[in-house]
Each structure stands twice: as C-alpha cells, then as structure tokens.
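Look at the sequence and the model first, then read on.

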Amino acid sequence: MQALIHALYPPQCMTCKALVATDFGLCGDCWRTTPFITGLACRKCGAPLPGDPEDTALCDDCLQIARPWEAGRAAMLYQDNARKIVLALKHGDQMEMARPAGDWLARAAQPLLRPGMVPVPLHWLRMLRRKYNQSALLSAALARATGLEHCPDALIRQRNTGSQEGRSRDARFASLQGAFAVHPRRAARIAGHPVLLVDDVMTSGATFAAATEGLMAGGAASVSVVSLARVAKQA
Ligand SMILES: [Zn+2]
Ligand SMILES: [Zn+2]
C-alpha cells in the first residue's frame with residue numbers, strides 16, 4: 001500500500017516540494033537552512049549560546065526578564081527556513097508540517113518531557129475565525145511522538161488580547177497579564193501535576209509567562225516550556 005501511495009504521490013520536501021526519500025521530511029537544502037538548535041542552550045528559553053553543551057547558562061533576555069517557569073527549550077531559531085515552517089503551520093496551508101515538528105519538539109524538549117503537555121490556547125473568538133490552534137496541533141504531535149498525554153483544553157484564554165506583533169516587550173507583558181486560567185473542568189488534571197507548555201514561537205516570553213501564571217494559579221506542581229522556534233540572536 002505504502003509503495004502504491006508513493007508511486008502516486010512521491011514524498012516531497014515539507015517546505016520546497018522537492019522530491020525526497022521519505023514522507024514528512026526536508027530535502028538537504030531545506031535541512032541546511034533550518035537553524036535547529038543544538039549544543040549549549042539557555043536553560044529558560046532554549047536560545048543557542050556559545051559554550052560547552054554540558055554547561056548551564058542563561059541568555060541575555062532571561063537574565064533581565066523574570067521567567068516564572070522552571071526550564072525551557074526550543075527546537076529551532078525563528079529565521080530562514082524555520083520561519084517558513086512556522087508560518088505554514090500558523091496559516092494552515094500545511095498542517096501536516098505538525099508531524100515532523102512533533103519529532104523536532106520531542107528532541108528539543110527531551111530533558112523536560114512529562115506526561116502533562118498543554119498547548120497555549122487561542123481566545124475562542126480567534127479560534128472561530130482560525131478554525132484551529134497551531135499550538136494544539138504541535139502539542140498533539142509532540143504527544144504522538146513521545147507516547148505521552150496532552151490536554152488541549154486545560155488552559156483558557158480569558159481575554160482576546162489580539163496580535164502581539166509590533167508591540168514592545170513591556171506592552172506585551174502588560175496586555176497578557178492575567179489572560180490565562182485553568183479550565184474548571186480540567187482542574188484535577190493540572191493541580192499537583194508537572195506541566196509542559198507548548199507554543200509555536202517564543203518572542204518576548206510574555207505569553208509563556210502569563211500562561212505559566214495561569215497554570216500555577218491552578219495548582220500545577222511545576223511548569224516548563226517548549227517552543228518550536230525561538231526569536232533570538234544567533235549565538
Ligand atoms: Zn526542500
Ligand atoms: Zn533565555
């Protein structure tokens with residue numbers, strides 16, 4: 001069956017459509033222009049840092065800004081082909097991209113993996129318009145890649161905070177304060193349990209911070225975060 005499907009639909013690179021050997025992969029060129037984060041990374045956000053991978057370190061942002069979560073990782077830097085991948089997921093033209101992204105997240109989040117994975121939610125109004133939440137697609141893919149459970153509706157976004165694009169760091173933090181809470185129906189899934197928060201992109205960290213505060217208010221034992229892509233300077 002697989003051979004027949006491949007004869008009809010030969011596997012293509014997820015970002016440029018060049019023919020490749022296996023499904024859900026990238027061609028050599030796209031692989032090289034996707035800045036996967038390997039080596040030493042900031043322990044709070046996953047930004048790449050110069051130094052020995054065995055060291056623990058914080059990036060400049062995480063030294064300056066309070067990070068209420070315990071630890072964080074990111075699979076790639078938000079630039080070049082990684083940007084294309086994130087936008088394809090966000091705009092829904094390539095939802096199958098979630099599958100390889102789940103594997104990349106699993107690798108990046110390896111030291112932080114816990115049974116409870118929770119995506120950063122959209123406000124319901126935005127969800128109606130967009131039809132799906134890319135962070136929930138990612139946490140579902142991460143759950144599938146790791147065999148661990150995810151709880152897509154554990155958090156609710158209580159206010160429609162709109163797009164954070166173009167806002168300053170302080171404005172982002174101010175607009176997101178108190179924006180998230182644990183869904184009353186999911187209270188028992190969160191209280192006393194460690195949680196791994198999943199989002200597509202981390203920019204200032206304001207969303208992760210507000211979502212972490214919502215989870216901690218709901219009694220989460222600990223919160224760690226993983227993003228598919230981190231907006232940061234190259235190490
Ligand atoms: Zn390609
Ligand atoms: Zn950092």
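Two strands count as paired if DSSP finds at least two bridges between them. The model described here is predicted.

As background, the strands of a sheet pair through backbone hydrogen bonds, either parallel or antiparallel.

Over how many bridges do strand 5 and strand 6 pair? Strand 5 (residues 194-202) and strand 6 (residues 222-230) pair in the parallel sense over eight bridges. Within this pairing, Val 198 has Val 226 of strand 6 as its bridge partner, and Asp 199 stands opposite Ser 227 in strand 6. Strand 6 also pairs with strand 1, in the parallel sense and over five bridges. There, the bridge partner of Ala 74 is Ser 227 in strand 6.

How many residues of strand 6 are buried? Nine of the nine residues are buried, so strand 6 is largely enclosed by the rest of the structure.

## Helices across the sheet

Why is helix 5 described as largely enclosed by the rest of the structure? Eight of its eleven residues are buried, and that is the reason for the description. A residue counts as buried when its relative accessible area is under 20%. The buried residues of helix 5 are Ala 98, Pro 100, Ala 101, Gly 102, Trp 104, Leu 105, Ala 106 and Ala 108. They pack against strand 1, strand 5 and strand 6, and also against helix 2 (28-32), helix 4 and helix 7 (134-146).

## Two helix pairs

Two packed helices are described by the angle between their axes and the distance between the axes. The table gives these values for two pairs.

| Helix pair | Angle between axes | Distance between axes |
|---|---|---|
| Helix 5 and helix 7 | roughly 65° | within 8 Å |
| Helix 8 (residues 169-176) and helix 10 (residues 206-217) | about 25° | 9 Å |

The angle of about 25° between helix 8 and helix 10 makes helix 8 roughly parallel to helix 10. The crossing of helix 8 and helix 10 is right-handed. In their contact, Arg 172, Phe 173 and Leu 176 of helix 8 meet Ala 206, Thr 207, Ala 209 and Ala 210 of helix 10. By type, the residues of this contact divide into five nonpolar, one polar and one charged.

The crossing of helix 5 and helix 7 is right-handed. On the helix 5 side, the contact is made by Ala 98, Arg 99, Ala 101, Gly 102, Asp 103, Leu 105 and Ala 106. On the helix 7 side, it is made by Leu 137, Leu 138, Ala 141, Leu 142, Arg 144, Ala 145 and Thr 146. The residues of the contact of helix 5 with helix 7 divide into nine nonpolar, two polar and three charged.

## Single residues

Is Ser 135 buried or exposed? Ser 135, which is found in helix 7, has a relative accessibility of 1% and therefore counts as buried. Leaving out residues up to four places away in sequence, Ser 135 touches Pro 119, Val 120, Val 198, Asp 199 and Asp 200.

Phe 24 lies in the loop between helix 1 (2-8) and helix 2. Phe 24 is not a glycine, yet has a positive phi of about 60°. At 32% relative accessibility, Phe 24 counts as partly exposed. Lys 131, in the loop between helix 6 (124-130) and helix 7, is another residue other than glycine with a positive phi, near 75°. Lys 131 is exposed, with a relative accessible area of 66%.

Leu 63 is found in helix 3 (residues 60-64). Its relative accessible area is 60%, so Leu 63 is exposed. Leu 63 and Lys 44 are 19 residues apart in sequence, and their C-alpha atoms are 9.5 Å apart in space.

How values were computed. Residues numbered from 1 in each chain as written. Chains lettered and ligands numbered in written order. Predicted model: local features only at pLDDT ≥ 70, side-chain atom pairs only at ≥ 80, totals over all residues. Heavy atoms only, no water. Helix = DSSP H or I, 4+ residues; strand = E, 2+ residues; numbered from the N terminus. Buried < 20%, exposed > 50% of the residue type's maximum accessible area, 1.4 Å probe, protein only. Contact = heavy atoms within 4.5 Å. Axes fitted to C-alpha atoms, helices over the stretch in contact; angles between N-to-C directions. Parallel < 35°, antiparallel > 145°, perpendicular 65-115°, else oblique. Left-handed = near helix turned anticlockwise from the far one by under 90°. Nonpolar A, V, L, I, M, F, W, Y, C, P; charged D, E, K, R; others polar.
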